[in-house]
Amino acid sequence: MATVELRFSALPEHVRTARLVAAAVARRAGVDEAVLDEVRLAVGEACTRAVGLHLSHGVEAPVRVVLTDEEKKFSIEVGDETPTSAGLTPGSHPDVDEEPAAEGEDEMGLAVISGLVDDVEVTTSDTGGRIRMSWPTAPQSLLP
């Protein structure tokens, strides 16, 4: 099992780099060429979501992307460090003008990812969120 870990500052311009790295590692892992565009798009959506969460909640930690070549599948985990209760204290209410838009964008990004990836898992906790996606790989003996 080979793993590549990428950490980048939560800036929109770094999302493109994450997409390129993900596609290159996926190709090397044996993901079908026809699926590579889906990998790029899904990683772009997940990283854009993480960057947006970091920026909107003032989180300075880097966005984390872990790419893993397992025996018969290739997986990518995109993690943010935005607590599920970021910026909210018990009894407080989010700004009604800003929160629904951010929540709607978040849901839209997750819907796009779900449409692109058959095997996707989204988890959130007090330490942040994770989107784990995976794709099947071809047996290594069939690769050039």
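This is a predicted model: local features need pLDDT of at least 70, side-chain atom pairs count only at pLDDT 80 or more; totals for chains, interfaces and linings use all residues.

Reader: Okay, and which strand is D80 found in?
Author: D80 belongs to strand β3.

Reader: Is D80 buried or exposed?
Author: Buried, because its relative accessible area is 2%, and the cut-off for buried is under 20%.

Reader: What does the D80 side chain have for a polar atom to talk to, on the backbone side?
Author: The backbone nitrogen of T82: it sits 2.9 Å from a polar atom of the D80 side chain.

Reader: Let's zoom out. How many helices and strands are in the chain?
Author: Three helices and five strands. Going along the sequence, they come as β-α-α-β-β-α-β-β.

Reader: And what's the strand order in the sheet?
Author: β1-β2-β3-β5-β4, in an open sheet with antiparallel pairing. β1 (2-8) and β4 (119-125) are the edge strands, each pairing on one side only. From one strand to the next, the twist averages 15°.

Reader: How many bridges hold β3 and β5 together?
Author: Eight, with β3 (residues 73-80) and β5 (residues 128-136) pairing in the antiparallel sense.

Reader: What about β4 and β5, how many bridges join them?
Author: Seven, and those two strands also run antiparallel. E121 has R132 as its bridge partner in β5. β4 and β5 make a hairpin, with two residues between them.

Reader: Switching to helices. Which strands does α1 lie across?
Author: Helix α1 (residues 15-29) lies across β1, β2 (63-69) and β3, and it runs at about 160° to β3. Helix α2 (residues 36-57) packs on the sheet too, touching β1, β2, β3 and β5, and its direction makes about 15° with that of β3.

Reader: How far does α2 reach, first C-alpha to last?
Author: It reaches 32 Å over 22 residues, close to the 32 Å expected at 1.5 Å a residue. After α2 comes G58, which has a positive phi, near 70°.

Reader: Which α2 residues are buried?
Author: Quite a list: L36, V39, A42, V43, G44, A46, C47, R49, A50, V51, L53 and H54. Of these, R49, A50, L53 and H54 are also contacts of D80.

Reader: Now the core. Which residues touch the most other members of the largest nonpolar one?
Author: F74, I76, V78, M133 and W135, out of 30 residues in that core. Elements giving two or more residues to this core are β1, α1, α2, β2, β3, α3 (99-116) and β5. α2 gives the most, with eight residues.

Reader: Take V78. What is V78 in contact with?
Author: Leaving aside neighbours within four places in sequence, V78 is in contact with A46, C47, A50, V63, R64, V65, G129, R130, I131 and M133.

Reader: Last one: what share of the chain counts as buried?
Author: 35% of its 144 residues. As for contacts with a separation of 6 or more, residues 24 or more positions apart account for 68% of them.

How values were computed:
Residues are numbered from 1 along each chain as its sequence is written. Side-chain values use heavy atoms; hydrogens and water are left out. Two strands pair if DSSP finds at least two bridges between them. Helices (H or I, at least four residues) and strands (E, at least two) are DSSP runs, numbered from the N terminus. Axes are lines fitted to C-alpha atoms, for helices over the stretch in contact, and angles run from 0 to 180 degrees between N-to-C directions. Contact means heavy atoms within 4.5 Å. A nonpolar core is a set of buried Ala, Val, Leu, Ile, Met, Phe, Trp, Tyr and Cys residues joined through side-chain atoms within 4.5 Å. Buried means under 20% relative accessible area, exposed over 50%, partly exposed in between (1.4 Å probe, protein chains only). The expected span of a helix is 1.5 Å times one less than its number of residues. A polar contact is a pair of N or O atoms within 3.5 Å; within protein, one must be able to donate a hydrogen and the other to accept it, and residues adjacent in sequence count only if both atoms are side-chain atoms.
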